[in-house]
Amino acid sequence: MRAVARRLAAGVVALAVLGALSACSARATEWGDGEYEVAGGGSTGVYYDYGRHLANELSDSLGVALSVRETAGSVDNLLRVASGEALLGFAQGDTAADAVAGKGAFDQPLPVRALARLYDEYVQVVVRDDSAIDDIGDLAGRTISLGAENSGVNVIAARILAAADVDTASVHDARLDLAASIAAMESGEIDGFFWVGGLPTPGISALAGTTPVRLLPVDQEWVNHVNEQYSHAYRPADVPAGTYGITTSAPTMAVPNYLITSSSTPDDVARDVLTGLFDARLRIAGEVPTAALLDRRSAIFTGPVPLHPGAIAFYRALRG
């Protein structure tokens, strides 16, 4: 009996090894043996959480060394992907549009392409619930974080302030990332901060648990004004009542979020990433709710950022 048990155990191990080898052999030959990175934003945001789980899923399914890297946000992510420092990155649609056009924060067009439209992000202008700040116009003269340098948040904050006729020079900009903004809000060092991310953003949820917050309204008129000037990447939206404990919905602006890669990424590697992304969608959504919003019918709408050729082939095969 012991001999039989040993043979059965050996068989189980062999099957496990074969399964692992099969999973690894399914990946494209263009994958090298080096380490790969996902540019994932600040550690308290949705980008990082999504990127961490995606990196783990792809590492397991493809047998590659892929990990998430904390970054300043969309601008930083696009620069890292374009330079080859990161294989994948998350970027707001408006910032990605600037990158391929060589406008805004980018001196020249970047060689980046989209793999998928993932979900919509929401502009969130956060103040304490007991604050005397009632609207965007009240931010003049206040200490507000307009986002970290090289972040998409900083780009959008400046555009909204301009649309609302608030001079950015009149705001004392703390230039903090999300984690630092939350800490500064808790300690009373700042009066509020801008954030652009999925709902709910984990860090803001944690903040609201100890410090009641409100979201300032972003008027549709301002959204229309920004859209007319910047690639029509935005749409009016509402943050639902109940989010972060707010009692009424808050009008705001939404912008799509893309998973990006370099234009030089091999087509088969892009295919592998997308196969793993869609296969893991529900598992990731168990930890990152916004991952459930990935949909193959809307994932292709990344204009004006072109889809990567490998992504085009992947989506065509789905229709197959």
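1. A quick definition to start: a residue is buried under 20% relative accessible area, exposed over 50%, and partly exposed in between (1.4 Å probe, protein chains only).

2. Some ground rules. This is a predicted model, where local features need pLDDT of at least 70 and side-chain atom pairs count only at pLDDT 80 or more, while totals for chains, interfaces and linings use all residues. Residues are numbered from 1 along each chain as its sequence is written, and side-chain values use heavy atoms, with hydrogens and water left out.

3. Back to Pro-306, which you'll find in the loop between α10 (281–285) and α11 (309–319). Helices (H or I, at least four residues) and strands (E, at least two) are DSSP runs, numbered from the N terminus. Leaving aside residues up to four places away in sequence, Pro-306 touches Val-100, Arg-113 and Ala-114; contact here means heavy atoms within 4.5 Å. Pro-306 and Ser-43 are 263 residues apart along the chain, and 28 Å separates their C-alpha atoms.

4. Now look at Thr-95, in helix α4 (residues 93–101). Thr-95 counts as buried because its relative accessible area is 1%. Its contacts, again without residues up to four places away in sequence, are Ser-74, Val-75, Leu-78, Phe-106 and Gly-152.

5. On to the strands. β1 (residues 35–39) and β2 run parallel, joined by 5 bridges; two strands pair if DSSP finds at least two bridges between them. Tyr-36 stands opposite Leu-66 in β2. Together with helix α2 (residues 46–62), β1 and β2 make a right-handed β-α-β unit. Right-handed means that, with the strands pointing away from the viewer, the path from the first strand over the helix to the second runs clockwise.

6. Which residues of β2 (residues 65–69) sit on its covered face? They are Leu-66 and Val-68, with Ala-65, Ser-67 and Arg-69 on the uncovered one. In a regular strand the side chains alternate between the two faces of the sheet.

7. Last, the inside. Searching the whole structure turns up 1 cavity of 30 Å³ or more. The largest cavity has 23 lining residues, and Ala-72, Gly-73, Ser-151, Val-153 and Trp-195 lie nearest its centre. The elements giving two or more residues to that lining are α5 (152–163), α6 (178–187) and β7 (192–197). The largest share, 4 residues, comes from β7. A cavity is a set of points, on a 1 Å grid over the protein atoms alone, where a 1.4 Å probe fits but cannot get out, and lining residues have an atom within 4 Å of a point.

Methods
On a 1 Å grid over the protein atoms alone, a cavity is a set of points where a 1.4 Å probe fits but cannot get out, and a pocket is an open set with protein on both sides within 12 Å along at least five of seven lines; lining residues have an atom within 4 Å of a point. Grid points are joined across faces, edges and corners, and a volume is the space filled by probe spheres set on the points.
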